[in-house]
Amino acid sequence: MRQSHMLIPTLKENPADAEIKSHQLLVRAGYIRQIASGIYSFLPIGRRVLSKVENIVREEMEKIGAHEMAMPALEPSELWKETGRWTTFGSELMRLNDRHNREFALGATHEEVITSLVRHEVKSYKQLPLTVFQIQNKFRDEARPRFGLLRGREFLMKDAYSFNESYESLDETYDKMFEAYSNVFRRCGLNFRAVIADSGAMGGKDTHEFMVLSEVGEDVIAYSDTSRYAANIEMAPVVATYEKSQATPQALEKIETPGQKTMKDVAEFLGHDLKEGIKSILFQVDEKFVLALTRGDHEVNDVKLKNLYDADMVELASEEDTKRLLGSGFGSLGPIGVPEEVEVVADHAVEAMVNVSCGANEEGWHFKNATPERDFEVKSYADLRFIEEGDPSPDGEGIIKFARGIEVGHVFKLGEFYSERMNATFLNDQGKAKTMIMGSYGIGVSRTLAAIVEQYHDERGITWPKNIAPYQVHLLSLNPKKDEQKELADQIYDTLLDAGIEVLYDDRKERAGVKFADSDLFGVPVRITVGKRAGEGVVEVKERATGDQNELETSEVLEYIKNWYKA
Ligand SMILES: O=C(C[C@@H]1CCCCN1)Cn1cnc2cc(Cl)c(F)cc2c1=O
Ligand SMILES: [Mg+2]
């Protein structure tokens, strides 16, 4: 393609509202332009890259037998009323009325739409399993769109839906999707982890998020430094074990600790380190009051507490409830002498503790030499703390490290939530009507594109992976006014095009400096420059990512490019 005819508006400066590299570079290099907050146009080179990502997704979906279709973006509200989601989704679901004043949603996701289609068209187990997908713009009125394509209000998503006759069959489809997603993100050159996002016990397989490791990611993941284990920070189970202290229990002592508020203050005041104190936090768990104990240097994981009680609500007890039940404020709470109505649970680490300090449930007083079971009852010991860097990985391989992640994919086992409410049934091999079992599987295609830029750029611009770049070769003629340069560049352009190479040809009447700067911004992997040695039939070839460059005879160019892309 000749740049003299193309719209690729590049900018020297970062746009004011662009805080992260992918947002800055995609705008500066003329890939996208914002029309409104969180809403973007893809300019020609942006559209080409988006298609490269789309096609990788499409190929991997078709490889596992998912069939592409296209569903409407206009979703009748009646369908969302059948599942109750018309009300549960508030202002994030964009809505509009047609000329007859009928209500529609602008498609945020398509479980209802696809289920309403399948319930009419699928009647027999012989038609299952069925997996369909689409690649389509979704609309979600995010309260705070930010970071360019990473959190937009209209964005490109691949959403797939599976309909299975049994949970075993759903597991098979889920595993195939899991594999396909790994292929997609590997082919996009991304450093990613499949993260256990399940709120259930360790290894719960109801849902995984695919996270690209990046400092600008919104989520924190705990991952193993030697295996592929990764889990959402609030889900990651702690498998660390604790050596029971061999110390002889000393006599309990009540000590005045005036003005010592935090665990750190108390530990310093009593002259021991944090891990020799017990942290006691009072929670309200649904209607119950629970005093959760952890070792002084650990943090209570309220999601785990919620799972332990299978509760709907877990929150810190109020000041007045704390005072009423335990007789003191937050700084002096402890497990000794708590009333019946307060249940005491403790993280496993507490069980191994002897002669430790804890609050005395009296303002400004603490106990020294407290020992579990002798001095206080614990109703149950459980994994109640947040996992920490350095903890052993739950899969037994390596140790845990933290990273921030950008969620680019999410796979769900939906079960019967939609098919039951929408009466999507099939006749099984006994002729009995059964509710279909569903899965749903999403990839943020435009978000993936931005995540690739986050992982592939340098100070001069984007450094696309070979199979994602908008073109394979960027051909520059530095001074088209010089005939020998223009003719040689035109000749190389035609040779490459005839060989099926994707070429972006900078034939503009611009200064060399402008051409080089734009070329570095675009990030096309290989650049061929026709300059002052054109007369000798010699051109320069340069690799964008490594900066390696050398000179080639015109006759060597095509072979060089073919080999470079075969490697
Ligand atoms: O989208 C999913 C589940 C899967 C993900 C993969 C592709 C198919 N759907 C979850 N989710 C997230 N945000 C939403 C936002 C709005 Cl406004 C909405 F109305 C619905 C949803 C919603 O359902
Ligand atoms: Mg998600």
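**Figure 1. Overview of the predicted protein model.** The 567 residues of the protein, of which 54% are buried, form a secondary structure of 15 helices and 31 strands. Taken along the principal axes, the C-alpha atoms fill a box of roughly 95 × 65 × 45 Å, and the protein exposes about 25,600 Å², with carbon and sulfur atoms supplying 50% of that area. Among contacts between residues at least 6 apart in sequence, 69% join residues that are at least 24 apart.

Figure 2. Ligand 1 is surrounded by 16 residues, the closest being Trp 80, Arg 85, Thr 109, Glu 111 and Arg 140, while the strands β8 (154–164) and β24 (437–444) each supply at least two residues of the shell. On the side chain of Arg 140, an N or O atom is 2.9 Å from an oxygen atom of the ligand. Of the 510 Å² of accessible area that ligand 1 has on its own, the protein covers 86%.

**Figure 3. Helix α14 and the elements that its buried residues pack against.** In this helix, which spans residues 512–522, the buried residues are Val 514, Lys 515, Asp 518, Ser 519, Asp 520, Leu 521 and Phe 522. Their packing partners include the helices α1 (21–28) and α2 (44–63), as well as the strands β27 (473–477) and β29 (526–530). The helix is followed by Gly 523, whose phi is positive, near 85°.

Figure 4. Most residues other than glycine have a negative phi, and most peptide bonds are trans. The bond from Leu 128 to Pro 129 is cis, with omega near 0°, and Pro 129 lies in the loop between α5 (111–121) and β7 (130–139). Asn 101, in the loop between β5 (95–97) and β6 (103–106), has a positive phi of about 65°, and its relative accessibility of 57% makes it exposed. Asp 286, in the loop between β14 (278–285) and β15 (288–295), also has a positive phi, near 50°, but Asp 286 is partly exposed, with a relative accessible area of 24%.

Notes
Residues numbered from 1 in each chain as written. Chains lettered and ligands numbered in written order. Predicted model: local features only at pLDDT ≥ 70, side-chain atom pairs only at ≥ 80, totals over all residues. Heavy atoms only, no water. Buried < 20%, exposed > 50% of the residue type's maximum accessible area, 1.4 Å probe, protein only. Helix = DSSP H or I, 4+ residues; strand = E, 2+ residues; numbered from the N terminus. Contact = heavy atoms within 4.5 Å. Near = heavy atom within 4 Å. Polar contact = N/O pair within 3.5 Å; in protein donor to acceptor, adjacent residues only side chain to side chain. Areas by Shrake-Rupley, 256 points an atom, 1.4 Å probe, with all protein chains shown as cover.
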